[in-house]
Amino acid sequence: MSQDNRSQVRRVLFLTLGLNLIVMGIKLGVGWQTGALSLIADALHSITDSANNILGLIATHFASPQPDREHPYGHQKFDAIGALGIAAFLGIACFEILSSAVERLLQTEREPVNISASGLWILLVVLGINIFVAFYERHVGQKVGSQILIADAKHTMSDVWVTIVVIAGLIGVWLGYQWLDIALAFPVALLVFWSGWEVLKSNLPWLVDRMAIAPEAIHEIVMQVPGVLNCHSIASRGMVGRQAFIEMHLVVGVPDVETSHKITEEIEARLTQKYHPVRILIHVEPPAYQSDEVTF
């Protein structure tokens, strides 16, 4: 059975929510003061950081790994749904950045961007906060197996790269290259889009019940157990290391139920040792039901 680490996840999300609100406020303040489009776009990206934290807190509240009457397989798909919500926020941020850049590009008269050395130093502090949040969330997410934290860490890491690009552009603006502010808004949007795609790609397999473990790997382990004649119709879903589900048809060469039960327990022990946490369903059949079809 998967462990319930939601309290640790919630602590991390509350901490990063507070830091993201600080970062968002600083970027908006400096962006409005200077009129820098790229920085305002970056601030918009930071708004999604805070929204993601709130979404993560809501999803984590429902994402208990423990089963109940209504959800006999647990509630962990709420975690993946929350991660998909993060991908949606990233898509919205990408669209807003691109539309603002195109609108500014089509303007015949543009307000000049005025950035000071102090403003650049403030943005470097913001960059340091984002780097801390990204690495801290990823570390805890990998430790407790939270897809919400891992997805949010990817989002925040995209914010780090966005902020680096924006700071580089504003240094160019500070040196007199005003066109850099608009030009850099486009790669910023691409970075945001790529982060959303990574989050989407890593969570869709869990939601659509993609194969978690190669049936041949399961078959090899099962056939090593004494008393097993044949194993077929193997299926698996979920995510290894988080929560996997395995089912199979098993043919044993023993005549009584008690010995058959001991064989299935040995199989469960070996599979659990390799793929924990995992839930296993084994359908025992007589020798006449042997099949060459390892999987469906």
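I note here that the model is a predicted one.

I then looked up individual bridge partners. Asparagine 230 has valine 251 in E2 as its bridge partner. For serine 236, the partner in E2 is isoleucine 246.

Next I checked the turn. The hairpin of E1 and E2 has 3 residues between the strands, and glycine 241 takes a positive phi near 90 degrees there.

**The sheet**

I asked in what order the strands of the sheet stand. The order is E1-E2-E3, in an open sheet of 3 strands with mixed pairing. From one strand to the next, I read an average twist of 15 degrees.

I also looked for what covers these strands. Helix H9 (residues 257-275) lies across E1, E2 and E3, and it runs at about 150 degrees to E3.

Between H9 and E3 there is a loop, and proline 277 lies in it. I looked at the peptide bond from histidine 276 to proline 277 and found it cis, with omega near -5 degrees.

**Helix pairs**

Before the next entries I wrote myself a reminder: two packed helices are described by the angle between their axes and the distance between the axes.

For H8 (215-223) and H9, I found axes 9 Å apart and a packing angle of about 135 degrees. That angle makes H8 oblique to H9. The crossing in which H8 passes H9 is right-handed.

Which residues of H8 meet H9? I listed Ala217, Ile218, Ile221 and Val222 on the H8 side. They meet Ile267, Arg270, Leu271, Lys274 and Tyr275 in H9. Sorted by class, this contact has 7 nonpolar residues, no polar ones and 2 charged ones.

I then turned to helix H5 (residues 147-174) and helix H7 (residues 185-207), whose axes come within 9 Å and cross at roughly 165 degrees. Why do I call H5 roughly antiparallel to H7? Their crossing angle makes them so, since angles over 145 degrees count as roughly antiparallel. H5 passes H7 in a right-handed crossing.

The H5 residues I noted in this contact include Gln147, Lys154, Trp161 and Val166. Among the H7 residues that they and others in H5 meet are Val188, Leu191, Glu198 and Asn203. By class, the contact of H5 with H7 has 9 nonpolar, 5 polar and 2 charged residues.

I looked at the loop between H7 and H8, where aspartate 209 has its place. Aspartate 209 is not a glycine, yet it has a positive phi of about 55 degrees.

**Aromatic rings**

How many aromatic pairs does a search of the whole structure find? It finds 1. The pair is phenylalanine 132 with tyrosine 136, and the two are stacked. I noted 5.6 Å centre to centre and 5 degrees between the planes.

I then asked how phenylalanine 132 and tyrosine 136 are placed in helix H4 (residues 117-144). They are 4 residues apart in H4, so about one helical turn separates them.

Terms used. Residues numbered from 1 in each chain as written. Predicted model: local features only at pLDDT ≥ 70, side-chain atom pairs only at ≥ 80, totals over all residues. Heavy atoms only, no water. Pairing = 2+ DSSP bridges. Helix = DSSP H or I, 4+ residues; strand = E, 2+ residues; numbered from the N terminus. Axes fitted to C-alpha atoms, helices over the stretch in contact; angles between N-to-C directions. Parallel < 35°, antiparallel > 145°, perpendicular 65-115°, else oblique. Left-handed = near helix turned anticlockwise from the far one by under 90°. Contact = heavy atoms within 4.5 Å. Nonpolar A, V, L, I, M, F, W, Y, C, P; charged D, E, K, R; others polar. Phe/Tyr/Trp six-rings, centres within 6.5 Å; stacked < 30°, edge-to-face > 60°.
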